Amino acid sequence: MLLGQTPARPLLSLWGCLRHCRNSSSENTAKRAVADRVLSAFRSICGEESVSLSEAVREQHGRDESVHRCRPPDVVVFPRCVEEVSALAKVCHKHSLPIIPFGTGTGLEGGVGAVKGGVCFSLRNMEQILDLHPEDFDVTVEPGVTRKTLNVYLRDTGLWFPVDPGADASLCGMAATSASGTNAVRYGTMRENVLNLEVVLADGSVMHTAGKGRRPRKTSAGYNLTNLFVGSEGTLGIITKTTLRLYGIPEAMVSAVCSFPSVQAAVDSTVQILQAGVPIARIEFLDDVMIDACNRFSSLSYPVTPTLFLEFHGSERSLEEQVNTSEGITQSNGGSDFQWAQDVETRERLWKARHDAWYAAQALRPGCKAYSTDVCVPLSRLPQIVVETKEDLIENRLTGPIAGHVGDGNFHCLMVVDPTDPDELHRVHLFTERLARRALAMDGTCTGEHGVGLGKRVLLCEEMGPQGIQVMQGLKDALDPKNLMNPGKILQQGEL
């Protein structure tokens with residue numbers, strides 16, 4: 001990290017200054033004086049209690065749910081409003097201190113690690129739900145608001161926000177990573193559901209990506225700045241508000257489970273259901289290893305074969321047509337009769353089991369760690385890549401249950417690995433690279449929803465090519481010329 005009056009001169013980190021600059025040399029005295037001034041400025045902006053140098057707090061904010069090691073920041077600040085975020089960012093900009101935004105820490109690619117030290121902006125105290133417009137189907141929220149909190153708030157309005165990545169993630173964090181989840185096949189990802197963003201840039205200035213207060217359902221005015229920041233993973237600015245598209249709660253919902261004789265049959269059914277124009281809300285694939293893990297972990301009793309979890313939304317009459325069409329397709333591919341989950345309690349139990357797949361996978365090998373990687377391919381290539389990936393796992397003696405949002409070509413391998421076994425760790429690393437390159441070879445992407453973070457920067461270069469990376473780097477340099485915003489993520493800039 002850089003600290004001092006001139007950004008070109010690397011000095012000790014803020015934390016390092018406070019720990020190590022104990023002797024009376026003029027250089028160390030000057031460094032400590034700068035660190036003290038920075039901390040004093042932070043405290044004057046957001047209060048003594050909102051600035052933490054605690055090792056436990058710093059470590060909590062230096063890791064997410066990925067396998068990447070903890071990279072704690074030098075200091076954690078807890079702003080309460082956009083004005084405080086802006087003022088804190090201006091101090092960081094003046095002293096060339098890296099800024100790492102932090103929501104709930106549920107990311108899966110090391111996106112919150114402070115690889116160059118710096119200041120973590122923990123946004124949990126900004127938790128207001130603002131400007132709900134039920135008649136216009138939109139709402140604006142701050143970054144401390146999670147998707148579950150929003151849907152509880154909306155419960156009596158007849159509206160909901162359907163993007164569901166599984167974790168109870170921050171909605172602004174979901175925008176920053178372009179998250180999606182089980183409902184994306186029907187309702188889209190965050191990219192399709194964000195109407196406007198309030199963003200604090202690296203120099204502390206505040207911008208609104210669609211214009212202040214604007215929330216049209218569509219626009220063709222100028223560059224699409226909103227989608228520039230959606231998926232930027234904190235590398236271009238700090239998202240302090242997001243305006244979201246809402247939906248009416250469906251009149252009726254019904255879920256079903258269907259077992260298949262093979263992976264090919266299950267994935268073929270998925271493709272055919274979509275080709276038939278069924279507006280299915282969720283269609284999730286679990287391979288035999290994954291359904292076995294879910295049975296054990298969630299006390300279920302489904303056949304241990306490749307399985308689809310399906311959900312249909314609509315009116316009672318439209319559901320009947322959707323279900324009949326889908327069941328006919330699955331049976332033509334050797335699928336079982338649908339096992340129904342019609343009442344709310346049974347349906348919620350079914351989808352909780354799906355969302356608990358991560359923990360179910362970990363439970364297969366107690367004492368081991370789980371690592372989730374995801375890819376996404378065109379639907380027509382989905383059967384091939386799932387079958388080839390399954391064969392790869394078996395051939396290389398790896399535990400990697402497969403679960404996926406197969407309705408949009410996206411699936412996950414939940415790798416369960418012994419962290420004390422170097423050979424297994426190496427085999428997992430090679431497997432994840434083969435999986436991503438297999439997806440790229442099939443005209444897909446190395447990540448459908450987890451983001452790039454630290455783990456997939458090399459693969460991003462292969463996916464985008466040198467010209468695409470050059471354009472991305474140019475955008476980064478224009479918005480953040482000092483490389484202060486979450487440095488080391490997405491783009492490789494030689495700092496590690």
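Biologist: Is Asp392 buried or exposed?
Modeller: In this predicted model, Asp392 is buried, with a relative accessible area of 6%.

Biologist: Which residue does Asp392 form a salt bridge with?
Modeller: Asp392 forms a salt bridge with Arg434, and the closest N and O atoms are 2.9 Å apart. The two residues sit in distant parts of the chain, 42 residues apart: Asp392 belongs to helix H15 (residues 382-395) and Arg434 to helix H16 (residues 422-441).

Biologist: And what is the relative accessible area of Arg434?
Modeller: The value for Arg434 is 32%, which makes Arg434 partly exposed.

Biologist: What about Arg427, which residue does its side chain meet in a salt bridge?
Modeller: The side chain of Arg427 meets that of Asp423, at 3.0 Å from N to O. Both residues lie in helix H16, and because they are four residues apart there, about one helical turn separates them. Arg427 is buried, with a relative accessible area of 16%, whereas Asp423 counts as partly exposed at 42%.

Biologist: How many salt bridges does the structure hold?
Modeller: The structure holds 24 salt bridges. One of them joins Arg147 and Asp164, with the closest N and O atoms 3.0 Å apart.

Biologist: Where are Arg147 and Asp164 in the chain?
Modeller: Arg147 is in helix H5 (residues 147-154), while Asp164 is in the loop between strand S7 (159-160) and helix H6 (171-177). The pair thus links distant parts of the chain, 17 residues apart.

Biologist: Why does Arg147 count as buried?
Modeller: Arg147 counts as buried because its relative accessibility is 8%, and the cut-off for buried is under 20%. Asp164 is buried as well, with a relative accessible area of 9%.

Biologist: Changing topic: what volume does the second largest pocket have?
Modeller: Its volume is about 650 Å³. The pocket is lined by 28 residues, and the closest to its centre are Arg191, Gly231, Ser232, Met472 and Ile490.

Biologist: Which elements give two or more residues to that lining?
Modeller: They are helix H9 (225-229) and helix H17 (457-479). H17 provides the largest share of the lining, seven residues.

Biologist: How many residues of the lining are nonpolar, polar or charged?
Modeller: The lining of the second largest pocket has twelve nonpolar residues, ten polar and six charged.

Conventions:
Residues are numbered from 1 along each chain as its sequence is written. This is a predicted model: local features need pLDDT of at least 70, side-chain atom pairs count only at pLDDT 80 or more; totals for chains, interfaces and linings use all residues. Side-chain values use heavy atoms; hydrogens and water are left out. A salt bridge is a side-chain nitrogen of Lys or Arg within 4 Å of a carboxyl oxygen of Asp or Glu. Buried means under 20% relative accessible area, exposed over 50%, partly exposed in between (1.4 Å probe, protein chains only). On a 1 Å grid over the protein atoms alone, a cavity is a set of points where a 1.4 Å probe fits but cannot get out, and a pocket is an open set with protein on both sides within 12 Å along at least five of seven lines; lining residues have an atom within 4 Å of a point. Grid points are joined across faces, edges and corners, and a volume is the space filled by probe spheres set on the points. Ala, Val, Leu, Ile, Met, Phe, Trp, Tyr, Cys and Pro count as nonpolar, Asp, Glu, Lys and Arg as charged, and the others, Gly among them, as polar.
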